[in-house]
Amino acid sequence: MGTKVKKMLFILSKATIENAYAAFVMANGARMEGIESEIFFTFFGLEAIQKKKLEHLHVATVGNPGMHIPTMLGGLPGMEAFATKMMKREMEKLDMPPIGEFLEILSDSGCKLWACKLAVDMFHLKEEDLIDDLDGILTIGDFYNRADQEGTQLLFI
Amino acid sequence: MKKVIAQKEIDINEEGYLTDFSQWSKEIGSELGKEQGIEMTDKHWEVIDFLQDKHQKEEALSVRGIKKSGVINIKEFYDLFPGGPLKKSTLIAGIPKPKSCI
């Protein structure tokens, strides 16, 4: 009875708010089912754990067929901020926390949060730029080694 | 389905959750806790009281709600009810499993 998945490892590579939430909701959902979870933030995914940027993630309005608006409209000044505001409002109605609070909940729930060393170096970031709840800076090789039991799954976002 | 626990017969669904809250008692709650591998303490009961209160008020339950309630913080919640705290604590409390993603 129950799931055969024991551990979920997520790699977040994008800075759009919908991708960050996808990773967080799945990682938290895993913890709520008693499944271990960890998130590896790489490339643009690092924005979700940078103190200065994490509350300013936006929805993609250009080149995003899911928006159902003409591409030219999506590129107008203010569209991104507007669409993001609308989405945040809907999420708050569903009791979805903002990114910062969500990261705290994840950390308190036992989800491990890792930054990708390569990306940290590439973007010239320092430890103090990143959230305090971060568990460490790892290479992808280190992250693969976090798959230390049967029933571990890896997901790329 | 029916189940005998703490010398009483209760109605449960396939996942083990009580289908009739009026059948719940603290003894049943304790036994359900034992089946989940949990020895109930005062702190456990505080959380159960909170959950049952929310259920009576027909308010949705979520891990974020637990945090905001001030009854317990999330780290402690996961320590008290290891392995899926919201689903375990609601089972012990005799209320339906919450359909929450947060």
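Tutor: Leaving out residues up to four places away in sequence, A:G45 touches A:L12, A:S13, A:K14 and A:A15; contact here is C-beta atoms, placed from the backbone, within 7 Å. This is a predicted model, where local features need pLDDT of at least 70 and side-chain atom pairs count only at pLDDT 80 or more, while totals for chains, interfaces and linings use all residues. Residues are numbered from 1 along each chain as its sequence is written, and chains are lettered from A and ligands numbered from 1 in the order in which they are written.

Student: Where does A:G45 lie, in terms of elements?

Tutor: A:G45 is in the loop between β2 and α2 (71-74) of chain A. The element names are DSSP runs numbered from the N terminus: helices are H or I with at least four residues, strands are E with at least two.

Student: Is A:G45 buried or exposed?

Tutor: A:G45 counts as buried because it has 24 C-beta neighbours inside 10 Å. The cut-offs are 20 or more other C-beta atoms within 10 Å for buried, 12 or fewer for exposed, and partly exposed in between, with C-beta atoms placed from the backbone.

Student: How many bridges join β1(A) to β5(A)?

Tutor: Five bridges, between β1(A) (residues 7-12) and β5(A), which run parallel. A:L9 has A:L154 as its bridge partner in β5(A), and A:M8 stands opposite A:Q153.

Student: What about β1(A) and β2(A)?

Tutor: Those two pair in the parallel sense over six bridges, with A:F10 partnered by A:I39 in β2(A). The chain goes from β1(A) through α1(A) to β2(A) in a right-handed β-α-β crossover. Right-handed is defined like this: with the strands pointing away from the viewer, the path from the first strand over the helix to the second runs clockwise.

Student: Why is β3(A) called largely enclosed?

Tutor: Because five of the five residues of β3(A) (residues 112-116) are buried, the strand is largely enclosed by the rest of the structure. A:K112, A:W114 and A:C116 point one way, A:L113 and A:A115 the other way. In general, side chains in a regular strand alternate between the two faces of the sheet.

Student: Which residues stand opposite β3(A) residues on its two sides?

Tutor: A:F40 stands opposite A:W114, with four bridges joining β2(A) to β3(A). On the β4(A) side, A:C116 stands opposite A:L138, and three bridges join the strands.

Student: Switching to chain B: which residues of α1(B) are buried?

Tutor: In α1(B) (residues 26-35), the buried ones are B:G29, B:L32 and B:G33. They cover an arc of only 105 degrees around the axis, which puts them on the same side of α1(B); the arc is that of the directions from the helix axis to the C-beta atoms. The face turned away from that buried side carries the exposed B:E27 and B:E35.

Student: What do B:G29, B:L32 and B:G33 meet in α5(B)?

Tutor: They meet B:L91, B:I92 and B:A93. The two helices pack at an angle of about 145 degrees, with axes 8 Å apart.

Methods:
Two strands pair if DSSP finds at least two bridges between them. Two residues are in contact if their C-beta atoms, placed from the backbone, lie within 7 Å. Axes are lines fitted to C-alpha atoms, for helices over the stretch in contact, and angles run from 0 to 180 degrees between N-to-C directions.
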